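Here's a quick briefing to read alongside the sequence and the model. Have both open and follow along.

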Amino acid sequence: MKKNVMSLLAVVLICFLAVIITGKALAAGTWSYYNLTVPPFGGTANTNNLQKLYTGQCAVNSTSVGANYDLWAYLELVDNTVVSTKQLINDGTSISFDNWASAGQTVHMTFQSGQTDPVYIQAIGYWSPDNP
């Protein structure tokens, strides 16, 4: 009998931990890796599309922006309607910012070079349509 109680307690504990871990993962939102090359002279490049889980801020964690340049980052709907302000990013930038997209809408992050930037700029990092 003592062995059965211990086994039952172990199963209950494992289930409890699984629920907590799953809940934290869902609350963290979705992060997506990007590795893009942004064209010169105000050119743009888009990430993959993701669905927003929550109405609220989006986030960008930039690992690197090539050639010592900065890029503008902003959120767009799939029809390329801009739904946020533009935020300047460079190497190691980690930002969250407001947007007007609602939960359930599909969006992507767009990166834009400066109007006078004469080179292709590589951008690497992670982004989320929600602020985890």
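**A strand on the inside**

Let's start with strand S5, residues 71-77: six of its seven residues are buried, so the strand is largely enclosed by the rest of the structure. Bear in mind that this is a predicted model.

**Who S5 pairs with**

- One partner is strand S6 (residues 87-89), which runs antiparallel to S5 and is joined to it by three bridges.
- Within that pairing, look for Trp-72 facing Leu-88 of S6.
- Another partner is strand S8, covering residues 106-112; here six bridges hold an antiparallel pair together.
- On this side, Leu-75 has Met-109 of S8 as its bridge partner.

**The nonpolar core**

- The largest nonpolar core counts 23 residues, and the ones with the most contacts inside it are Val-60, Ile-89, Met-109 and Phe-111.
- Two or more residues each come from strands S1 (32-38), S4 (58-65), S5, S7 (94-97), S8 and S9 (121-128).
- S5 is the top contributor to this core, giving four residues.
- Ile-89 is worth a click: leaving aside residues up to four places away in sequence, it touches Tyr-34, Val-60, Ser-62, Val-65, Asp-70, Leu-71, Ala-73, Ile-95 and Phe-111.
- Two of the residues on that contact list, Val-60 and Phe-111, are also named with Ile-89 among those with the most contacts inside the core.

- Trp-31, Tyr-33 and Tyr-126 together make a nonpolar surface patch of about 330 Å².
- Tyr-33 sits in strand S1, one of the strands that also give two or more residues to the core.
- Is Tyr-33 exposed or partly exposed? Its relative accessibility is 45%, so it counts as partly exposed, given that exposed means over 50%.

**The chain as a whole**

- Of the 132 residues in the chain, 36% are buried.
- Take the contacts between residues at least 6 apart in sequence: 78% of them join residues at least 24 apart.
- The accessible surface of the chain is about 7,600 Å², and carbon and sulfur atoms account for 61% of it.

Definitions and conventions:
Residues are numbered from 1 along each chain as its sequence is written. This is a predicted model: local features need pLDDT of at least 70, side-chain atom pairs count only at pLDDT 80 or more; totals for chains, interfaces and linings use all residues. Side-chain values use heavy atoms; hydrogens and water are left out. Buried means under 20% relative accessible area, exposed over 50%, partly exposed in between (1.4 Å probe, protein chains only). Two strands pair if DSSP finds at least two bridges between them. A nonpolar core is a set of buried Ala, Val, Leu, Ile, Met, Phe, Trp, Tyr and Cys residues joined through side-chain atoms within 4.5 Å. Contact means heavy atoms within 4.5 Å. Patches are made of residues with over 30% relative accessible area and no salt bridge: like charges are joined within 9 Å, nonpolar side chains (Val, Leu, Ile, Met, Phe, Trp, Tyr) within 5 Å. Accessible areas come from the Shrake-Rupley method with a 1.4 Å probe; for residues, only the protein chains shown count as cover. A salt bridge is a side-chain nitrogen of Lys or Arg within 4 Å of a carboxyl oxygen of Asp or Glu.
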